[in-house]
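Here are my notes for a colleague opening this entry for the first time. Have the structure up beside you and go through the points in order.

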Amino acid sequence: MHYNREAWDCERSAGPPQASSAPSGGSALHAVKSVGAVSCFGPNPPSDVLARMQRNGVKAVVANSRPNDGTRALAALELTRQAGVTVVPFIRLYRNRADYDNWFRDETIYDMVQAEFARGVTGSQAGPYKGIGEFHLYDSANANGPVARKLMQFAQKNKLAVLAHVDDTAIDLLMAHAPDARLIWAHTGIGGPPVSRVDALFAKYPQLMGELSYRPGLTCEGGKLCSEWRTLLLKYPQRFMIGSDTWVNQRWVQYDELMKGYRVWLGELPPDVARRIAWGNAAGIFGVTEQ
């Protein structure tokens, strides 16, 4: 989840409604990687967002914000705890929009990440950060930037997952800096590299995982899995997770339909595989237990 405005400064509000079934028919943990322009008094305040999660059975979310105050605020909210939603906090690399195009060579970003990691999160879900990102590389060559290299090595040393919105070329470059790092590939390549290329990268890097929001070619007619993707998911059942990428408010309006779409194709898979993708894979990485 990344917040594109100021951190929430929220009064306590009424709890969301009772949770309903999750995308897999059980609980779900996913990368709700953004919250668009969320604020306490905007169209999607915390009470609304948490209600949407509850009625879709979402029990935990990977969260990151610009600035990182938003993630800490969400984790600290008593309302979040009451909703039964676990926040898995990530350190976002952006203080402002300009950082999207410069973070990979800006030493002050590296300093900020170190300071944020040392601070951790407080409140009702106090604890350490679990990852870095989501970050973007619009030119894959920038994966060799000095700060990109240092952050991959920092993540590997501190056992932090890395959430990267990059192409397949950048996957190779990033993993060269830190071969044992846990890299979560946002959208499993939003540019749509062929399934054969994804397969090859998964075979090459055992720590690589794929997040499936916005993934072109994943589903075919009726929202069902395209055959080559079904084959890939069954080949690597422990390597994928779902996400909603609510990067603008419209994605919150669509949230129920996004989760419904996951239910359609998860329902095609063997139950144990569906549970892994909807919950078990991410929960295992981040040490999340169902409440």
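1. A term to start with: a polar contact here is a pair of N or O atoms within 3.5 Å, where one must be able to donate a hydrogen and the other to accept it. With that in hand, look at S213, whose side chain makes such a contact with the side chain of E211, at 2.6 Å. S213 sits in the loop between β7 (209–211) and α8 (227–235). Its relative accessible area is 1%, so S213 is buried. Bear in mind throughout that this is a predicted model.

2. From S213, move over to T188. The two are 25 residues apart in sequence, and their C-alpha atoms are 8.2 Å apart in space. T188 belongs to the loop between β6 and α7, and at 0% relative accessibility T188 is buried too. Its backbone deserves a look: T188 is not a glycine, yet its phi is positive, about 45°.

3. H187 is in the loop between β6 (183–185) and α7 (195–204). Here again there is a positive phi, about 70°, on a residue that is not a glycine. Why flag this? Most residues other than glycine have a negative phi, and most peptide bonds are trans. Is H187 buried or exposed? H187 is buried, with a relative accessible area of 0%.

4. Now for the peptide bonds. The one from R66 to P67 is cis, with omega near 0°; P67 is in the loop between β2 (58–63) and α2. Another cis bond joins G133 and E134, where omega is about 5°. E134 is part of strand β4.

5. Next, helix α4, residues 107–119. How far apart are its end C-alpha atoms? They are 19 Å apart, which agrees with the 18 Å that 13 residues should span at 1.5 Å a residue. Its buried residues are I109, Y110, M112, V113 and E116. These cover an arc of only 160° around the axis, so they lie on the same side of α4.

6. After α4 comes G120, with a positive phi near 70°.

7. Helix α5 can be read the same way. With 12 residues, α5 reaches 17 Å from its first C-alpha to its last, close to the expected 16 Å. V147, A148, L151, M152, F154 and A155 are buried in α5. Their arc around the axis is only 160°, which puts them on the same side of α5. Among the elements covering them are α4, β4, β5 (161–165) and α6 (168–177). K159 follows α5, and its phi is positive, near 55°.

8. The largest nonpolar core has 72 residues, and W103, F135, W265 and I277 have the most contacts inside it. α5 gives the largest share of this core, six residues. There is also a second, separate core of 15 residues, which includes L163, I184, A282 and F286.

9. Leaving out residues up to four places away in sequence, F135 touches L93, Y94, W103, V162, L163, A164, H165, V166 and L174.

10. With a relative accessible area of 10%, Q54 is buried. Where does its side chain reach? The side chain of Q54 gets to the backbone oxygen of A83, at 3.1 Å.

11. Last, the cysteines. A disulfide is a covalent bond between the sulfur atoms of two cysteines. The count in this model is one disulfide, and it joins C220 to C226, with the sulfurs 2.0 Å apart. The torsion about this S-S bond is about 110°, so the disulfide is right-handed. C220 is partly exposed, with a relative accessible area of 44%, whereas C226 is buried, at 9%.

Notes
Residues numbered from 1 in each chain as written. Predicted model: local features only at pLDDT ≥ 70, side-chain atom pairs only at ≥ 80, totals over all residues. Heavy atoms only, no water. Helix = DSSP H or I, 4+ residues; strand = E, 2+ residues; numbered from the N terminus. Expected span 1.5 Å × (residues − 1). Buried < 20%, exposed > 50% of the residue type's maximum accessible area, 1.4 Å probe, protein only. Arc of directions from axis to C-beta. Disulfide = S-S within 2.5 Å. Core = buried A, V, L, I, M, F, W, Y, C linked by side-chain atoms within 4.5 Å. Contact = heavy atoms within 4.5 Å.
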